[in-house]
Each structure stands twice: as structure tokens, then as C-alpha cells.
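Thanks, everyone. Have a look at the structure before I start.

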Amino acid sequence: MSSYGLSQLLTPEGMALLDSLPEYSEEGSLALSQRLRGEGHSPELIAAALTQSRLRAKARDKFGDFASSMLFTAHGLEQATRLEVAAHHAARFRDAGVQSVADLGCGLGGDTIAKAALGLEVLGVDCDEETAALATVNVRPFPNARITLGRAEDVDFSHLDGAWFDPARRESRRGRTARIHDPEEATPPLSFVRAVADEVGAVGAKLAPAIDHEHLVPGTETQWVSWRGQVLEACMYFGPLARRVGEGALAVPSEATVGPVGALAEGAVIARSALVLGSDGRPAQLVPDSNDEAELRNPPVGSIGAYLWEPDGAVIRAGLLGTLARKIGAHTIDDSIAYLSSDDASRAALDSPLARAFRVREVMPFTTKKIAARLRELEVGTLEVKKRGMDIDPARFRSELKLDRRAPRAATLIATRAGGSRVAIIAEPC
């Protein structure tokens, strides 16, 4: 979007034109552009309005009905926090008694809106002029939110009792944009976030989901968040935002954190957790049940039983596979593979958003010809292929099986390792 087109759009006339446009469609955009030119609108304004109309349609997936009154950039929309996820961030601050908070690196204002919607006074700060201008438009429905152009390092925190950071985690390398996983290389770095936490107390930071556990800060809670199976972020919470066992407004019940050997003490900080937001809207959380790292990470190894679970990525990233296994009464099938299995399963375990459950039909050695022959015998025409610990391309492997698509049955084939061997598990979702 050109700066001239944006300046035209950010006028009462420009916004009225944008809001008058029909629902965006790629097929109808050329005819609409020609009609708007015939009505005397400038090419720059038309281009800006149609771009925003297209981005609003795309943004509905993240912002719902809010998208119809917001403004976007393509990059900003890609990086924006989903409103459903931002609501969980905001609830941490509200539940900790925070009243005023800075949203640093606010982008297009997703987290600013979520916090303002819960009644917090919010100052959104972004160092990009265009982004700050669009965010100003986006927070208009909330008189308790305002946007300013600037850097997080220049903010005066003396009149704030909370801060939320979304550090820039990308950099250009040889003409390409690369993700940054070391939080000390982000802008601002984690060391600055820690310094603000020492001053303010209630501080949260959105970090890369691939952050190495060696970068986690003692005395904080880091929560990995997934949405519909995609791990989106790891959020680090300082001070009163970090949950503790059985203590305070954000307490985790002590009965939920009783491990087999190393039970967590009353008041202990929940260092790591997983938040899973499923397609049905139900949030599910997993917290440690022990202070023993081996117990948290490593379930016992056993054979493939009647049921198989594929743990959510947030659980794996958080290093809580052992906790999940105890929660659903399962074991892993190989000490290097994050699939869980058992012979029995409760309804709660089968329905848990923390792991996708399958009923095992057959287990066989991983040999393409034998797998293809068996699937033909079972009249499988529709096949989902999943893999873990196997160097195969699922789409190519599916084509190599040469299934008859007219065959009436559907199945899931899980290519993995069990007991040190390559196996194919023919299963069906529970």
C-alpha cells in the first residue's frame, strides 16, 4: 500500500468508501475497480480500498467480526495474534489485578484490543509508522486504549503496572527473512524484558515456539500455545502472572500436580505448561505433575496397544510428555518417539484435546508392497498418512500405494518406530 493511498484511505471519505464495498471476491475485483474509477475515485485510493477489503476477508479467521472494521497490512496480519489466543494473554493480566499495561510491539493491535476489552487501560507501542497508524484505527472502539509510535526501550514504565512484549523475531539474511529462536537476538532482547519485569513485576512476553529450554528464566512460567494443532507461540510470564501451585489468583490446584515421586510443593511456580485450543473451542491445559525432569519428559516404554495417541505439539514443546502419559494412562512405544499407547482408554482420555486418539486396527512391518496389499484387502480408498521418526514424504508414499479411490473405506496409516523397528500402524480416529 502506497503512503499516498493510505493517506487517502485514512480520511472520512476514504473509510466510507471502504466500508461501502461488497464482500471481497477475487473474481469481482476487476469489475469493481473499473466501477469505482468511473465514479471518479483515484487509482491510489481504489487500490488501497480493495487491498483492505481483501485483507479484511482474510482476517476474519483471526479476528472474527472485528475484522470488518479493522485495517491491515499483509505482513502485519500474518504476524498478528489470533483474538482467541490474545484473550488468554489478557486474562492473565486481569486475573493478577493489573489495571494499566503497555503492549510493546503491538503491531496491528490484536493484543491491545483483547486487553482493552477486559477493561484494562492499554498503551500500544510500535516502531513502524504505518503499523501504528493502522493500529490507531483498529482500537477506536475502545476509549481505554491508545497507540503511540516509538520503541519499547523508550517507554516510561513508572505509571504502568504491567507490560506485554511481542519482540521482533525475524531478521534479513542474504535477502531472505529468517526466524530468530534465541530470545537474546530478538528486538528487544529477553534481557531487556527481564529488566522491565524487575521494575514493573507483571510482565509477559511472546516468544518463538521453538525456544530452547536453556533460555527459560528461573521463577517464570513459560506456556506453549497451540491452535487447532499448530503450535503458535511460547509465552513467558513474570511475577504475579506466573501461576503457582495452590496459591494466589492464578493458582493451579495442588491436586492437579501430584507426581509419582517428586510432587510439587505448595506455592511452587509452574515453570512450564501447555495450552491447547481445539477446533471445538474447548481450551485444555497441561501443567507439570512432578519436579523431576525425567518424569516430566520420559514416559515408560511399552508395546503398541489397542489405542494410540498423537500428543499435541504444545505438550511436546513444553517437555510434558511423561505428564500426559500419566494423565491418560499410557506409555510411549519407543524411547525416541512421541506417540503414546495403551490397551485401555477412558472416555476422558479419548476425548482429550491434549492428544488425538486412534483405535489401532493392525500393526505390520513397514514394507510398501505389503502395506499396499493389506490396504487393498481392507478396501481402503481414502488414506491419511502420518509419520514420526520416519524419513518419508506422506504425499509421495500415499501415491506409491496406488489405492483404488473408489474403495469404500477410510483409514489412517501411521509410519513410525516401535521397539527400534520401522512399523506401519493401520488405525482409525476415535
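Start with the lining of the largest pocket: by class, 16 residues are nonpolar, 14 polar and 15 charged. One caution before I go on: this is a predicted model. The volume of this largest pocket is about 1200 Å³. Its lining counts 45 residues. Nearest the centre are Gln79, Ala80, Asp166, Pro167 and Arg169. Which elements each supply at least two residues of that lining? They are α5 (74-79), β1 (100-104), α7 (110-117), β2 (121-126) and β9 (230-237).

Next, the second largest pocket. Its volume is about 420 Å³, and 22 residues line it. Gly278, Ser352, Pro353, Ala355 and Arg356 lie nearest the centre. Two or more lining residues come from each of β10 (272-277), β12 (307-311), α13 (347-351) and β15. β15 gives the most, three residues. By class, this lining has 10 nonpolar, five polar and seven charged residues.

β15 takes us to the sheet. Seven strands make up an open sheet with mixed pairing, in the order β13-β14-β12-β15-β18-β17-β16.

Phe358 sits opposite Pro429 in β18.

Now the helices. α14 (residues 368-377) lies across β15, β16, β17 (409-418) and β18, at about 110 degrees to β15. α15 (residues 394-401) lies across β16 and β17, at about 150 degrees to β16.

Notes. Residues numbered from 1 in each chain as written. Predicted model: local features only at pLDDT ≥ 70, side-chain atom pairs only at ≥ 80, totals over all residues. Heavy atoms only, no water. Pairing = 2+ DSSP bridges. Helix = DSSP H or I, 4+ residues; strand = E, 2+ residues; numbered from the N terminus. Contact = heavy atoms within 4.5 Å. Axes fitted to C-alpha atoms, helices over the stretch in contact; angles between N-to-C directions. 1 Å grid on protein atoms, 1.4 Å probe; cavity = no way out; pocket = protein on both sides within 12 Å on 5 of 7 lines; lining within 4 Å. Points joined across faces, edges and corners; volume = space filled by probe spheres on them. Nonpolar A, V, L, I, M, F, W, Y, C, P; charged D, E, K, R; others polar.
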